[in-house]
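Here are some friendly notes to read alongside the model. Please keep the structure open as you go through the points.

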Amino acid sequence: MAHAPVLEAIDQTQIRRRPPLDVLYEWVTTVDHKKLGLMYIGYALLFLVIAGFEAVLMRIQLAVPNNHFVSPQVFNRLFTMHGTTMIFFVAMPVMFGFGNYLVPLMIGARDMAFPRLNAFSFWISAFGGLLMYFSYLGGDGLYGMGSAPDVGWFAYAPLTAKVFSPGHSTDYWTLAVLLSGVGSTGTALNIVTTVLSMRCRGMKLSRLPLFVWLMMVASGIVFVAVSPLTAAQIMLILDRYLGAHFFDTQAGGSAVLWMHFFWIFGHPEVYILVLPAFGFVNEIIPVFSRKAVFGYPAMVAASVGIGFISLSVWAHHMFTVGMGAAGNTFFVFSTMVISVPTGIKIFNWLATLWGGKIIFKVPMMFCIAFLFQFLVAGLTGIMLSAAPFNWQLSASYFVVAHFHYVIVGAIITSLFGAFYYWYPKMTGRMMSETLGKWHFWLFIIGFHLTFDFMHVPGLLGMPRRIYTYEAGRGWEGWNLIVGIGALFQTAGTLIFVYNLVRSYYRGEVAGHDPWDAWTLEWATPSPPPSYNFAVEPTVRSGRPLWDLKHPEDLDENYE
Amino acid sequence: MNEMNATHDQGPLDDHSRPTDTIPLPAPTAWPMVLALGIALMLGGMVTHWAISLLGLLMAVPAIVGWFFDVLPHERHVYVDVHADVIEIKSTRETLAHLPLDERHRKLLPLETFSVMSGVKGGIAGGLAMIVPAALYSLIRYHSVWYAANLLAAGGFVSWAGESNAFLAQFHLRGLLAAMAIHGLTSVLIGLLYGAMLPMFPRWPILTAGFVAPFLWTGILHSALGIISPILDQRIDWSWFVVSQIAFGLVAGFVVNLHVKVRTPQFRSLPFSVRAGIHALGDEEDKAP
Amino acid sequence: MMQTTSTIPFSAQAETPWVLPHRGVVGIACLIIAESAIFLIFVVAYVYYIGKSLSGPLPAQVLELPILSTICLLSSSFTVHFAVSALRKNDQRGCTLGLAGTVLLGAIFLIMTGREWYHLIHDVGLTIRTNLFGTTFYSLVGLHATHVVIGLIMLTIALVLSLSGQVKETHAERLDVLSLYWHFVDAVWVVVFLVVYVLGR
């Protein structure tokens, strides 16, 4: 303990003395997994602010009936860019950022298996995002200013055909998503290889921290889910540039085939995002309950199970297409089956909390909120998985509320918890608890105002993606509440960003292990040196730091 | 990286067994970033102007060459100085100077459990036992053994919905086969559930298996049967149904309990004397203050 | 009551040997899974559109079985395997020979595919825009040919290095990774062959 702050002092003076160009050069050329992880996270946060801003614009437009705050064309671009950005340039990079930063530290490795590929994957995803936003400036749009994509984030055919979507707006979308897909596949490959072939001595697969397991499963899904998207984008490019007929209904092509290809990616994508979120919760809840996680083997089995089942549920997005009774039945059941491993996880988290000495610090508060919100999100998911119910509510605001409940209520909420939990490791400073509590309450209240009440206009028949609506349908009050909630969330997020910046300079010095945790990343200084561990560690149980702290009661005796 | 891998394979003998002055890390390189930019520009040219694509190609090709020489014939490394300070690891929790309490002061999961197959066997036995009250009921009410079987099978055949009691009392091969399939599958599944559930309620197996579970199951069916099989719902006699469920539960629970239990991983952490059977588990728990 | 402090133990005692899979092999296995998914989507599209073309030419009219090129590509799997096992035994001449054979056979395959395409485009007039058959045929076979080209470039680099005597036994793992990729490309051709030239006709 006595020596750790000295190390940080050395690191920081080194950084401060160098001219900014040198620092920039260092970050551009780095192959260090920690720096790349931080760049992933920073880039995701930047796009989070942009896409969040787009969401606020949409909510202002929908807050009152017959509104003309933005034009219909701009509205179409807003929801397309919001969805695409949030999925491809916020959620995926931030998860990969945390994975990049934490996986080698947690398994006691000095870097990723392919450090240069790691840098390449980051940069190509980043340039993908820039290319997509360049569409606001460049290109010869059809509607005058800007030609941002406006075909929706799942870009159904034949709307994307050259005839219906002239100009280059759709090309921007497909090329940017293609680049992001290449980057994701590269990072996923890197993570799986790192976990399998870079573990420190004694780190058997049965001792991996659950976050590492979940990152590995999520990366495995990336191979089989993102690749179909890449293939489909290649087909779309061939259609648009070379005049192929994959999705050209005039020449016998099938629009439904695009739907299949997209959702073969689209649904597993949800699990690619939510599994790392489970990983955060798996690390945070035990530490703040002062108990080992309950049912480790069941957790691993459930994660792998989710990974496999998630590949067989995609067509529940397509019940209204008319797939026939057999198809519908299969996808109804496979979708319902996926709630079984998910339920196992929820029960295991509850059992971890049960009888624990729960410490309500901000990371833990976010995880508790996650438990509630993820449960509700899963329940509306089961409702929507029943085909007749889905026929009624497909493409309504009920669906929008459901998947935002998953993405914001579960993924983003646990992500905030992860920020508060690992920020001390990444920067060496604690984040402010007071600001954190303000952030938590504002954000959670805003979240529930927005997304609880968004279910109602959906049930009342309000379709998604409409530009505006007339008064007297019973939607206006609900939409106003939803809009107000969005402002609360914005306020909470701004406090969070302020907290991030402020704590970097003013935060309390953290030391290497502020939470009294058990995984290996807390055994190095904060921030860790470029080589992570001066000595390659050796572990004998799933909680190596517990063993060091409590030689009288070793974990290895219980394996 | 190769060097690192080599030490992974050979064990911690040479430079990693004690802190050394430097550690080899992969050298920083700009080529991956340049290649990514080149590829992005090549695609960007598709939406702007071909000259951009050309520029991208001009960046990508040297980047590939540069990257190649970063890796081959030898990976480039930088040697980073190590500040090998000793980090003390301690807990906020105070270490207990252990009172000689129980050896197993942590809560443990069940030491023994039933194997999955025992549940399946129990389910099959219970399913056989259930046939007796069902057949009795058919005989007494409708003077035919087949009534109950056909009634169960009717859920699967829409055309049977309007048939009379007399029709259901006759023998139908189709009905018998369907009833056997439905009954067999349900019995096995419920048996599996018993195998998993009984270790959780170890105190009164007869009460749990024989009565609580059948009543729960009957309750669930009572509320859901109208959706699953309307025809069965109209004609079912719930008191007989409960009797047959209890028969199933008692027999299935009995058969599951007969089987030898399987030791879970927790068993290995017990002291040797207990594992060897010299000390019984219960004694020790009683002695603990 | 007391506090326990400790440090990360410096040296590991002689335990069981700690062997992990080689990162190159794991990496290429992951890449192969991802690539298989891409090919799978293209194959599904091909199969889905069999017989759905609104106009000719149809596959039965214009496609001929590419027996010779198939034999060339499949036998190149053996030569690349021979190269790797020769390098494992530190037989550098054998390795060079194997690589040269692989490059030669791969090049023959590419040339024959090119001639087939030339025939189809120039003589028959089938392009990617003609009909659904053209679309799916050129994209699936073209995707595979792209992989062959990439593999050939890497094999050629390995061959040049091997000719200049820079490939040593220590590089066997890396050559093994390349050979796994090449085996994958061959395996994909078997699927493409069956789907396009057998099932599709």
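**Notes for a first look**

1. Let us begin with chain C: of its 201 residues, 40% count as buried, where buried means that 20 or more other C-beta atoms lie within 10 Å of a residue's own, exposed means 12 or fewer, and partly exposed is in between, with C-beta atoms placed from the backbone. Please bear in mind that this is a predicted model, in which local features need pLDDT of at least 70, side-chain atom pairs count only at pLDDT 80 or more, and totals for chains, interfaces and linings use all residues. Residues are numbered from 1 along each chain as its sequence is written, while chains are lettered from A and ligands numbered from 1 in the order in which they are written.

2. What pattern does chain C follow along the sequence? It reads β-α-α-α-α-α-α, with six helices and one strand; helices (H or I, at least four residues) and strands (E, at least two) are DSSP runs, numbered from the N terminus. The C-alpha trace of chain C spans about 85 × 55 × 20 Å along its principal axes. Its radius of gyration is 23 Å, whereas a compact globule of 201 residues would have one near 17 Å; the radius is taken over C-alpha atoms, and the globule rule is 2.2 Å times the number of residues to the power 0.38.

3. Contacts in chain C are worth a look too. Among those between residues at least 6 apart in sequence, 83% join residues at least 24 apart; two residues are in contact if their C-beta atoms, placed from the backbone, lie within 7 Å.

4. Now turn to where chains A and B meet. Helix α5 (residues 115–134) of chain A packs against helix α2 (residues 31–47) of chain B at an angle of about 30 degrees, their axes 8 Å apart. Axes here are lines fitted to C-alpha atoms, for helices over the stretch in contact, and angles run from 0 to 180 degrees between N-to-C directions. The contact includes W123(A), F127(A) and L131(A) of α5(A), and A36(B), A40(B) and L43(B) of α2(B).

5. Which residues touch the most other members of the largest nonpolar core? Among them are W123(A), A36(B) and A40(B), in a core of 245 residues. A nonpolar core is a set of buried Ala, Val, Leu, Ile, Met, Phe, Trp, Tyr and Cys residues joined through C-beta atoms within 7 Å. Not counting residues up to four places away in sequence, A40(B) touches I124(A), F127(A), G128(A), L131(A) and L179(A).

6. The loop between α16 (476–506) and α17 (544–549) of chain A holds W518(A), which is buried because 26 other C-beta atoms lie within 10 Å. The C-alpha atom of W518(A) is separated by 9.5 Å from that of P209(A), 309 residues apart along the chain. P527(A) lies in the loop between α16 and α17 as well, and a cis peptide bond, with omega about -10 degrees, joins S526(A) to P527(A). N532(A) also has its place there, with a positive phi of about 65 degrees although it is not a glycine.

7. Finally, the loop between α5 and α6 (169–197) of chain A contains P158(A). The peptide bond from A157(A) to P158(A) is cis, with omega near 0 degrees. A155(A), found in the loop between α5 and α6, has a positive phi of about 45 degrees without being a glycine. Most residues other than glycine have a negative phi, and most peptide bonds are trans.
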